[in-house]
Amino acid sequence: MPINHTDNTPGRFGALSRYFGEVPLLGWLAGGLVAVLAEQFVGLGLAHLVDLPKIPVLFGFENALKKPDLIPGTVIYVLLVYLAPVFLVGRLLQLPANRVAGFLARRWPAASIVFHLALLYAVLHIWSDINDYRVIVVKITLIWVMMTLSLNVVNGYMGEFSCSHPGFMALGAYAGSVFTIVLFTNSSMYGKALLPPAIGPFLFPLALIVGGCVAAVGALAVAIPSFRTRGDYLAIISLAFTFIVKSMIENLEIVGGPRGMRGQPDWSNLPTVFVCTVVCVAVINNFVRSTYGLALNAVRDNEMAADAMTVNTQRTKMTAFLFSAFWAGVAGVLFAHVLRYVNPGTFGLQQLAEVLAMMYFGGLNSIYGSIVGAVSINLLSEMLRPLEIWKWIFIPLLLILVMIFRPTGLIAFKDFDPVRLIQPRTKESSKLKAQN
């Protein structure tokens, strides 16, 4: 009897995949918007109805870990508020969402991307509007997306192993903080502001550029000696660079020394961080898909062969490394102004371990992987916070399992095409995608 190989997805999972596979991204975003609006208006009443003291902060994990007797109510809440609206609305709006997505993609693809981003921002804004803790979590998660993407340029696309990103982030954080505090803030450390504080928010992009450029200049201290050698020297030199930067800041009283620096103006609001993250994703995606990105892949696969094929390997590696450091510095500026406090102890081995875990968990050579890794690891870390030290046992075990079964990460070596992402999901497009 002939065997049908047309569907390799087993049983019920194959049926679910076919049932929801034709829902476009627009439909899922609409479902998410309905879910967060439902929580905004009826979340508190539903929480009390299922015997929860308040609306769960992060999908109920903190309730379940602190008080196991709240697990049934938490499960019911998550099902009714999040899962049911997302899947039901997404499925119900399948046909109109596909028509709208197809119309926008054909007529105005750029406007379609902006429209999808606006819906995504609306979901994040409404969800985080429940309390201030959610706002902090969303902003820090977006910053970690930027950090993971910038590190993936070097460790993934270039094929080297760099440990210097906490140092780049620290340089950006302190440079951006000094820029905004000295120019626009009356502080006990630097005295009266040099410029009117009212114009500060409009010049904040300059602080981001200054932080990124200072980090890129610092990257020269790593790139110049390490790229003249081969092997693991970059990892050793970059790790030493991180310790040098941390020690240097601790011994500079002009920036607060080991006490840290506080008083940064509150200019890293959610729209600012979201826009910076979108720009970061777009620029890095264009970079890795450009001629430089192809050259990076050639250097990663075989540097000698790339050099023989007229690729200037030293310039390519230097450009990618400085580019990566720039975005780590920008992330540092945002990080300092989200917390409104920066301390040299923040930029140490623990931060290095976290960003490496996000990158390798999500996947190398993948914009998708960096986003998934940063979001999942950061949210998981926050949701497991009630476990205190035990969460640092659970998360490494999860990473070990991923490294065993998916050595390159969850979503590795996958191109990020925003135009294709917003396309309608019809039966014909699903068949074409399966054939490709």
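This is a predicted model: local features need pLDDT of at least 70, side-chain atom pairs count only at pLDDT 80 or more; totals for chains, interfaces and linings use all residues.
Close-up 1. Leu-401 belongs to helix α17, which spans residues 391–405. Together with Ile-389, Trp-390, Trp-392, Ile-393, Leu-397, Ile-400, Ile-404 and Phe-405, Leu-401 makes a nonpolar surface patch of about 1000 Å².

**Close-up 2. The kinked helix α2 and its cover.** Helix α2, residues 25–49, has a kink of about 70 degrees. The kink is centred on Val-42. Buried residues of α2 include Leu-26, Gly-27, Leu-29, Ala-30, Gly-31 and Gly-32. Also buried in this helix are Ala-35, Val-36, Glu-39, Gly-43, Leu-46 and Ala-47. Among the elements that cover the buried residues of α2 are α4 (71–92) and α5 (94–107). The cover also includes α6 (109–128) and α7 (132–157). Asp-51 follows α2 and has a positive phi, near 65 degrees.

**Close-up 3. Ser-177 in helix α8.** Ser-177 is part of helix α8, which covers residues 165–184. The relative accessible area of Ser-177 is 0%, so this residue is buried. Leaving aside residues up to four places away in sequence, Ser-177 touches Met-261, Gln-264, Ala-336, His-337 and Val-342.

Close-up 4. Six salt bridges are found in a search of the whole structure; the one shown here joins Glu-250 to Lys-246. Their closest N and O atoms are 3.0 Å apart. Why are Glu-250 and Lys-246 separated by about one helical turn? They are four residues apart in helix α10 (residues 233–250), which means a separation of about one helical turn. Glu-250 is partly exposed, with a relative accessible area of 27%. Lys-246 also counts as partly exposed, at 24% relative accessibility; the cut-off for buried is under 20%.

**Close-up 5. The salt bridge between Arg-259 and Glu-253.** Arg-259 pairs with Glu-253 in a salt bridge whose closest N and O atoms are 3.2 Å apart. Arg-259 counts as exposed because its relative accessibility is 54%, and the exposed class begins over 50%. Glu-253, at 48% relative accessibility, counts as partly exposed.

**Close-up 6. The salt bridge between Arg-300 and Asp-301.** A salt bridge links Arg-300 and Asp-301, with 3.1 Å between the closest N and O atoms. Is Asp-301 exposed or buried? Asp-301 is exposed, since its relative accessible area is 58%. Arg-300 has a relative accessible area of 26% and is partly exposed.

**Close-up 7. Asp-307 in helix α13.** Asp-307 lies within helix α13, made of residues 303–308. With a relative accessible area of 47%, Asp-307 is partly exposed. Val-23 is 284 residues away from Asp-307 along the chain. The C-alpha atoms of Asp-307 and Val-23 are separated by 46 Å.

Methods
Residues are numbered from 1 along each chain as its sequence is written. Side-chain values use heavy atoms; hydrogens and water are left out. Patches are made of residues with over 30% relative accessible area and no salt bridge: like charges are joined within 9 Å, nonpolar side chains (Val, Leu, Ile, Met, Phe, Trp, Tyr) within 5 Å. Accessible areas come from the Shrake-Rupley method with a 1.4 Å probe; for residues, only the protein chains shown count as cover. A salt bridge is a side-chain nitrogen of Lys or Arg within 4 Å of a carboxyl oxygen of Asp or Glu. Helices (H or I, at least four residues) and strands (E, at least two) are DSSP runs, numbered from the N terminus. Buried means under 20% relative accessible area, exposed over 50%, partly exposed in between (1.4 Å probe, protein chains only). The bend at a residue is the angle between axes fitted to the seven residues ending there and the seven starting there. Contact means heavy atoms within 4.5 Å.
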